[in-house]
Amino acid sequence: MRLATIAVPHVALGKLFARGCSIFVLALCFTRTSLASANNSIPNIFKPESTPAEEIHTISRFTLTITGLIFAVVFSLLVYAIARFRRPGAEEFEPPQVYGSNQIELAWTVIPVLIVLVLFLATARVIHSIQEAPQPAAAVEVIAVGHQFWWEFRYPGLGVVAANELHIPVSEAGKPTPTFVTLLSADTDHSFWVPQLAGKTDLIPNRRNALWMEPHQTGMYLGQCAQYCGTQHAKMLLRVYVDAREDFAKWVEGQKQPAVAKAEVAAGRRIFEQTACINCHAVAGTVADGRFGPDLTHLMSRETLASGAADNTRENLKRWIRNPEEFKPGCLMPAMNLSEPELEAVTSYLETLR
Amino acid sequence: MSTESIALTGVQETGRPLSSVLQSWITTVDHKRLGILYIVLALVFLVIGGLEATIMRIQLIVPHNHFVSPQFFNQMFTMHGTTMIFFVAMPILFGFGNYLIPLMIGARDMAFPRVNAWSFWLTAFGGMLLYLSFVGGYGLYGAGAAPDVGWFAYAPLTARTFSVGHSTDFWILGLLVSGIGSIGAAVNFVATILCMRCPGMTFGKMPLLVWLNLVMGAMVLFVISPLTAAQIMLSIDRFLGGHFFDTQAGGSAVLWMHFFWIFGHPEVYVLVIPAFAFVSEIIPVFSRKPIFGYPVMVAATVGIGFVSFSVWAHHMFTVGMNSYANSFFALTTMVVGVPTGIKIFNWIGTMWGGHLQFKAPMLFCIAFLFQFLIAGLTGIMLACTPFNWQLSGSYFVVAHFHYVIVGAILFALFGAFYYWYPKMSGRMYNPTLGKLHFWLFVIGFHLTFDFMHIPGLLGMPRRIYTYEPGRGWEVWNLIVTIGVFFQACGVLIFVGNLLWSLFAGKLAGNDPWDAWTLEWSTSSPPPEYNFAQIPTVSSRRPLWDLKHPEDPDVD
Amino acid sequence: MWTETREKGVNSASTAATIESQWNLPYRGHVGIFCLIAAESAIFIIFVVAYLFYVGKSVTGPTPAEVLELPIFASICLLSSSVTIHLALSALRREKLGSFGLWWALTFLLGAIFLFETGIEWHRLIYHQGLTISTNLFGTTYYSLVGLHASHVTVGLVLLLTVLIFFLLGKVSSAQKERLDVLSYYWHFVDAVWVVVFLVVYILGR
């Protein structure tokens with residue numbers, strides 16, 4: 001029976017080869033820092049700035065090298081087989097019927113097993129090193145509680161309560177000050193992921209998890225929730241500010257202060273305290289002690305609102321309070337239906353919460 | 001002895017009223033018709049699932065897009081995943097298995113034809129139940145509308161408190177019902193293969209497709225049950241006030257994850273093993289050589305079947321298990337890569353020294369080899385737990401599993417379509433359109449899924465309806481979306497080719513590929529009774545022996 | 001499984017006939033029911049795992065030790081029914097239809113007593129001990145596991161009753177032996193599950 005065949009031109013083979021190489025090269029490319037941006041606006045896992053992230057980076061490059069080599073070998077064999085054994089026309093005789101070879105099977109069983117062994121041992125070492133890292137005495141302790149759709153941060157040792165923007169001190173070689181975070185959840189599953197500082201760990205209700213960071217470089221690092229937690233999962237953004245020692249100390253001092261009552265915003269404060277705001281929000285030093293929503297005592301010390309959904313400006317703050325659905329449709333803060341003058345007053349009050 | 005004498009040519013029935021034709025299809029218990037029904041069902045859901053994916057990709061083409069609302073987007077990714085796994089992949093593989101297994105083992109039908117029909121209709125009904133959810137009204141949080149909890153429906157997001165209305169209930173019920181159908185189909189596969197082989201067809205002489213479907217069928221029995229059990233528990237929580245996954249009452253969210261992934265991981269092997277089966281039949285025929293290392297291929301598949309039940313928690317590396325558990329699952333996950341890799345080597349070994357013919361089925365199988373290799377290697381990266389702590393829950397994972405499901409499984413399925421279409425329809429497809437489909441789809445696939453790895457490496461998590469500008473994700477998302485349109489064109493050409501060829505294709509004859517397994521000895525399409533006389537076989541390639549009596553197939 | 005015979009070329013009529021006459025594959029009914037049992041076992045295992053996982057983790061409410069009583073009588077009934085169904089089928093094999101009917105009816109009766117006793121126990125737990133499926137983790141896992149088993153017993157009883165009715169209508173003979181074998185495997189499975197449930201709930205869990 002004669003079969004018409006469709007020949008694959010050489011140029012198409014070349015395209016396949018190029019595509020295959022490009023995939024591999026792209027992967028390896030990102031282990032080099034070519035996509036670098038000095039201000040960390042790109043949360044690139046291959047630009048670690050903290051010990052656990054660096055350890056992950058090292059093992060990931062090892063893994064990429066091994067898989068890259070495997071790819072190169074098998075890919076080449078495949079391309080060679082396609083090029084060498086193709087028969088565009090019909091052949092008169094069938095090729096020699098080869099059924100197998102025990103030696104070859106043994107070889108390509110043993111080699112992968114050895115590769116697996118090496119890779120596993122390297123992996124296990126890093127798992128242990130990260131998960132069983134001892135906590136030095138000077139470590140900063142944070143409790144992170146995941147909520148739909150914001151982050152609560154408490155510093156039990158320092159008496160600070162914050163939200164959405166985490167400040168931690170940079171860790172210096174001589175006297176390390178890593179930050180150890182206990183991860184809890186108030187409702188459903190979340191995940192804390194700031195790629196340049198650590199691998200992600202989930203926040204699961206009725207469970208205590210932990211992660212640690214040991215940043216070596218000051219700056220602001222971006223992240224976001226990495227476990228689907230509901231409608232506004234996409235906007236549960238995260239920022240970690242790694243401060244120099246003194247800056248961190250100053251920040252802590254500022255955060256420990258209760259709110260200062262200012263006469264000119266008394267009207268706004270009254271509205272805040274007499275409508276349902278205080279059911280959800282807390283302002284230290286006032287009657288407001290709601291825990292459902294973020295603590296607002298130092299709202300103005302944050303650069304963003306609504307866990308990163310908007311920049312912290314007066315205009316955005318008004319828009320947020322007027323109708324949260326504008327920035328985060330499906331979030332759990334209701335629109336309070338304030339009149340415009342009430343809105344102005346409350347916004348002015350909130351602007352004093354520095 | 002020619003192969004034409006074995007079977008009668010298909011008898012064309014003309015002039016029957018449509019109602020009679022429809023009734024014969026609806027009440028059929030013939031494995032071939034049920035196979036085609038499964039395949040058609042899957043193709044319909046493939047188009048729907050593809051639409052859902054397209055909607056998502058359009059929403060993500062630029063940051064802060066407003067193409068759909070967040071609520072609708074969340075429904076899209078949930079329905080896309082659920083549809084593709086349960087109403088595309090499972091049915092289409094059961095469909096091909098149903099069609100081919102009796103033909104390949106020399107039997108007249110499956111072991112339990114009525115259970116077969118019942119399983120199909122349950123699957124179809126489950127799909128309709130799931131899609132009924134779209135028709136529900138919108139209330140608070142879109143209550144009564146389609147499920148929006150993700151295809152793995154993590155607790156406690158699925159509890160009454162967080163998932164108001166019936167969207168989650170549709171997810172549970174649709175899958176419970178079709179799950180029972182899957183178990184029925186699996187029982188049929190196992191019983192048929194164990195009990196209905198023609199004389200002489202010992203286990204060592206079964207075609208690899210039959211072996212691999214036996215492993216898959218046996219796996220399904222143990223795979224679907226944990227999901228069924230977990231869904232019953234979730235229903236008890238939601239309807240009877242139970243506390244299985246109620247974290248406020250001491251319940252564990254992680255327990256749901258364990259149960260789900262004890263289902264979920266072996267499930268993907270259930271999906272890929274039949275894809276391996278197609279490739280194991282097609283590559284030898286278009287290399288003109290027998291499969292290299294048949295016993296090793298069987299052993300590797302059985303090995304994969306068993307080991308795959310021990311790797312599930314690699315989906316849970318980030319939930320805070322202790323370092324010993326994390327190490328254990330990293331090890332088992334890497335270990336399962338060994339038999340999988342061996343299979344790739346054996347396929348290359350089959351091609352080696354052969355006479356390769358690049359017809360459409362072979363083109364898709366070659367692309368399968370490249371793409372499955374890459375998918376397996378990104379899998380090894382994910383098996384490395386610390387690396388996983390960065391990659392998990394990101395677009396890197398999404399790229400990885402689509403590489404397996406689209407790049408490997410769907411490509412193997414396209415190969416299978418082109419290979420067995422002449423047998424099922426009696427007609428040849430248009431080869432130029434087949435080639436066009438291949439290239440369009442390959443280009444589209446690589447545009448989408450190669451570049452999808454990159455946002456994951458740059459910190460983009462999955463299941464987000466929008467993303468922030470300035471994080472370096474924009475250009476990659478744009479390229480990913482563009483690839484979708486190439487793939488859509490490819491699929492449209494594919495469907496068009498199948499339909500057009502049904503009426504205008506060249507007659508195929510019994511054995512257009514000069515192949516070697518029993519289905520090629522029947523007419524195209526085969527008669528309802530498959531074989532006029534049940535054959536007796538004495539080797540793995542009975543038709544090869546008939547065509548080459550001087551060089552018979554050797555064990 | 002892996003044959004040693006090597007046939008070259010076309011089968012001769014005699015070798016084909018030899019192969020056919022020696023070709024014995026398992027009965028598909030047996031394979032089918034074993035597959036079903038495998039799948040059902042997997043479901044039960046998950047419920048057992050959940051039960052064991054949650055032992056001692058209830059935040060409130062009655063504990064197993066406080067409220068559970070060993071269902072000795074019910075267990076004896078159920079496990080004896082495995083014996084009686086076996087005796088029924090032996091009788092059927094020897095064409096003793098009368099004995100078959102008696103043992104079969106007894107099997108049904110013992111199974112029904114088991115269900116009845118379970119009902120009584122549940123009534124006591126709910127109305128006197130205040131333990132429902134929504135009380136606490138123990139309640140949830142207990143009623144789910146025992147209830148799942150009881151539902152399987154119920155299905156079995158319906159099937160047994162169907163056969164009994166057919167028997168009384170005179171339609172059962174040794175020709176149905178293999179089908180009734182299949183049903184008896186299901187029944188033995190249900191009894192075996194009870195052994196596991198009994199151990200887990202009433203021995204280990206308390």
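Predicted model: local features only at pLDDT ≥ 70, side-chain atom pairs only at ≥ 80, totals over all residues.
# A walk through three chains

The contact between them draws 90 residues from chain A and 85 residues from chain B. On the side of chain A that touches chain B, the elements giving two or more residues are the helices α1 (10-29), α2 (51-85) and α3 (102-131), together with the strands β6 (190-193), β7 (201-203) and β9 (219-225). Look at α2(A) in particular: with 16 residues, this helix provides the largest share of that side. Sorted by class, the side of chain A that touches chain B holds 50 nonpolar, 27 polar and 13 charged residues.

How far can you trust what you see in chain A? The average pLDDT of chain A is 90, and 89% of its residues score at least 70. Two stretches call for care, though. Residues 1-12 of chain A stay under 50 in pLDDT, and the model gives them 19 contacts beyond four places in sequence. Residues 29-38 of chain A also have a pLDDT below 50, with 13 contacts in the model beyond near neighbours in sequence.

Now move to chain B and its other partner. Here 42 residues of chain B are in contact with 38 residues of chain C. The elements of chain B that each supply at least two residues to the side touching chain C are α5 (167-195), α6 (208-240), α7 (253-287) and α16 (542-547). Among these, α6(B) gives the most, with 10 residues. The side of chain B that touches chain C divides into 27 nonpolar, 12 polar and 3 charged residues.

What about chains A and C? Chain A and chain C do not touch, and their nearest C-alpha atoms are 12 Å apart.

Chain C itself has 7 helices and 0 strands. Its elements, followed from the N terminus, run α-α-α-α-α-α-α. Chain C has a radius of gyration of 23 Å, well over the 17 Å that the globule rule gives for 206 residues, so chain C is more spread out than a compact globule. Along the principal axes, the C-alpha atoms of chain C fill a box of roughly 75 × 45 × 20 Å. Of the 206 residues in chain C, 34% are buried. Take the contacts in chain C between residues at least 6 apart in sequence: 83% of them join residues at least 24 apart.

With the chains in place, look inside. The largest nonpolar core has 322 residues, and the members that touch the most others are B:V190, B:F364, B:F368, B:I409 and B:A412. Domain 1 (10-89 + 100-131) and domain 2 (140-255) of chain A each give at least three residues to this core. Zoom in on B:V190: leaving out residues up to four places away in sequence, B:V190 touches B:L214, B:G217, B:A218, C:V31 and C:C35. Another core, of 19 residues, lies apart from the largest one, and its members include A:L296, A:V346, A:L350 and A:L353.

Let us finish with a single residue. B:A42 sits in helix α2 (residues 31-59) of chain B. Is B:A42 buried or exposed? B:A42 has 25 other C-beta atoms within 10 Å, and because 20 or more count as buried, B:A42 is buried. Not counting residues up to four places away in sequence, B:A42 touches B:F87, B:V88, B:P91, B:I92 and B:G95. B:A42 and B:A124 are 82 residues apart in sequence, yet their C-alpha atoms lie 9.3 Å apart in space.

Technical notes. Residues numbered from 1 in each chain as written. Chains lettered and ligands numbered in written order. Contact = placed C-beta atoms within 7 Å. Helix = DSSP H or I, 4+ residues; strand = E, 2+ residues; numbered from the N terminus. Nonpolar A, V, L, I, M, F, W, Y, C, P; charged D, E, K, R; others polar. pLDDT = per-residue confidence, 0-100. Core = buried A, V, L, I, M, F, W, Y, C linked by C-beta atoms within 7 Å. Buried ≥ 20, exposed ≤ 12 C-beta atoms within 10 Å, placed from the backbone. Domains from an automatic or database assignment. Rg over C-alpha atoms; globule rule 2.2 N^0.38 Å.
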